[in-house]
Amino acid sequence: ALKRAWHPGCFNCTACATPLAHGSFHGGDIRDGAGRMPYCHACFVDKFLPHCEACGEPMEDGILACGHHYHESCLRCVRCETLLFEQSYYEQSGKPLCVSCHGELFTGRCGVCHEALSGEVVDPFGGDKYHKACFTCNSCDSEFPSGRFYLGPDKAAYCGGCFERAWCELCSGCGLFITGGSAVTVHDRPWHAECVVCSTCHSSLLNEEIFVDDEGLLMCRDHYLLHSSPKCSRCGEHCLVESLRVGNRVLHPECFVCDQCGESLQGAKAFQEGNLMLCETCFRARNATRCAACNEPVTGKFVKAAGKVFHTTCFRCSSCGLDLRKPAGGGPAPAKALVGGALCCLECARNRTPSTPRVAAPPTGAPPS
């Protein structure tokens with residue numbers, strides 16, 4: 001055995017002298033020049049196999065960790081004794097530390113889950129740190145694969161889509177979200193600065209006079225005049241800023257006036273008569289009953305005689321001017337007659353004054369009428 005001859009009684013365990021002639025044995029090198037010597041199994045394991053770093057017992061099988069041998073059941077976190085077999089761990093001063101204890105001792109805790117930090121850690125704000133998997137969009141919980149995120153007014157992190165939907169306005173030109181605080185307000189609507197251009201010639205309108213057509217499109221002055229602005233029906237100039245539509249007419253607000261007296265009709269009643277736009281006063285004057293004497297509109301009190309209407313002050317003899325109304329002190333009204341369509345007192349009617357139309361003389365030889 002062991003390439004040497006032995007008396008059966010001498011072939012014993014080198015350590016404990018257990019007879020080995022009729023049993024199993026192991027050859028062990030005692031490294032003193034004597035070559036390989038026989039050992040029983042127990043002594044061979046104790047003398048030649050590694051010992052567990054944790055329990056100190058010899059090992060026939062196990063694992064190597066942190067430069068030492070461990071039984072699978074003995075590889076535990078030196079701080080919390082969590083079993084580390086087939087688990088991730090850190091080496092600290094030659095001893096194993098579980099991920100949680102290592103994070104708590106050396107890297108801190110995650111600002112979201114409050115567990116010890118380990119693996120990929122992000123420090124987006126230069127303060128609290130996070131597991132990469134925990135640092136997600138505050139709205140949709142998606143991760144930031146490129147590491148890019150947007151900080152909202154509530155100091156929370158958002159992905160681009162959620163940040164735009166929650167905090168950004170839509171550009172009135174291109175319809176995309178406006179980010180970075182670059183919104184420009186034109187006619188009470190938000191725009192990208194680069195979208196504030198004429199919809200026809202695409203020239204920039206920043207710091208320029210801006211016009212908006214009926215469809216809400218921006219235009220420079222020239223193209224607005226050419227394509228969009230109507231002409232005022234009164235003055236013939238383009239209505240660039242404001243216009244009024246009255247019937248089939250387009251007017252500047254300042255041109256919306258009575259066609260007869262020129263008074264402004266803004267905020268007042270307007271009447272249309274044919275092609276004329278009239279104020280209430282002129283409309284009523286044009287359509288009122290007229291005095292048979294002065295032909296002016298009759299408003300207020302009036303006198304009706306011989307099928308005609310007169311102002312009370314016009315109810316006089318057309319020849320002598322006699323007031324034909326009843327006297328203020330009482331008594332009958334003067335007698336009157338209609339001569340040739342003119343109202344006369346009875347005396348002037350009989351005298352046929354020059355101002356009174358005369359009846360034409362009958363033809364010669366004809367009987368008098």
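Biologist: What makes strand S21 and strand S22 a pair?

Modeller: In this predicted model, S21 (residues 302-305) and S22 (residues 308-311) are joined in the antiparallel sense over four bridges. Pairing takes at least two bridges between the strands, so S21 and S22, with four, count as paired.

Biologist: Which residue of S22 is the bridge partner of Ala-305?

Modeller: That is Lys-308. The hairpin has two residues between its strands, and Ala-306 takes a positive phi near 50 degrees there. Most residues other than glycine have a negative phi.

Biologist: Good to know! Where else is there a positive phi, say at His-202?

Modeller: His-202 has a phi near 65 degrees, and this residue sits in the loop between strand S14 (189-192) and strand S15 (211-212). Asn-207, in the loop between S14 and S15, also has a positive phi near 65 degrees.

Biologist: Why is His-202 called exposed?

Modeller: Exposed means over 50% relative accessible area. His-202 has 56%, so it is exposed.

Biologist: And how do you know that Asn-207 is exposed?

Modeller: Its relative accessible area is 84%; the cut-off is over 50%, so Asn-207 is exposed as well.

Biologist: Happy with that. What makes Glu-60, Asp-61, Glu-72 and Glu-86 a patch of negative charge?

Modeller: Asp and Glu count as negative, and like charges are joined within 9 Å. These four gather on the surface, so they form a negative patch.

Biologist: Why does Glu-60 count as exposed?

Modeller: Glu-60, in the loop between helix H1 (41-48) and strand S3 (63-65), has 58% relative accessibility. With the cut-off at over 50%, Glu-60 therefore counts as exposed.

Technical notes
Residues numbered from 1 in each chain as written. Predicted model: local features only at pLDDT ≥ 70, side-chain atom pairs only at ≥ 80, totals over all residues. Heavy atoms only, no water. Patch = residues over 30% accessible without salt bridge, like charges linked within 9 Å, V, L, I, M, F, W, Y side chains within 5 Å. Areas by Shrake-Rupley, 256 points an atom, 1.4 Å probe, with all protein chains shown as cover. Salt bridge = Lys/Arg side-chain N within 4 Å of Asp/Glu carboxyl O. Charge placed at Lys NZ, Arg CZ, Asp CG, Glu CD. Buried < 20%, exposed > 50% of the residue type's maximum accessible area, 1.4 Å probe, protein only.
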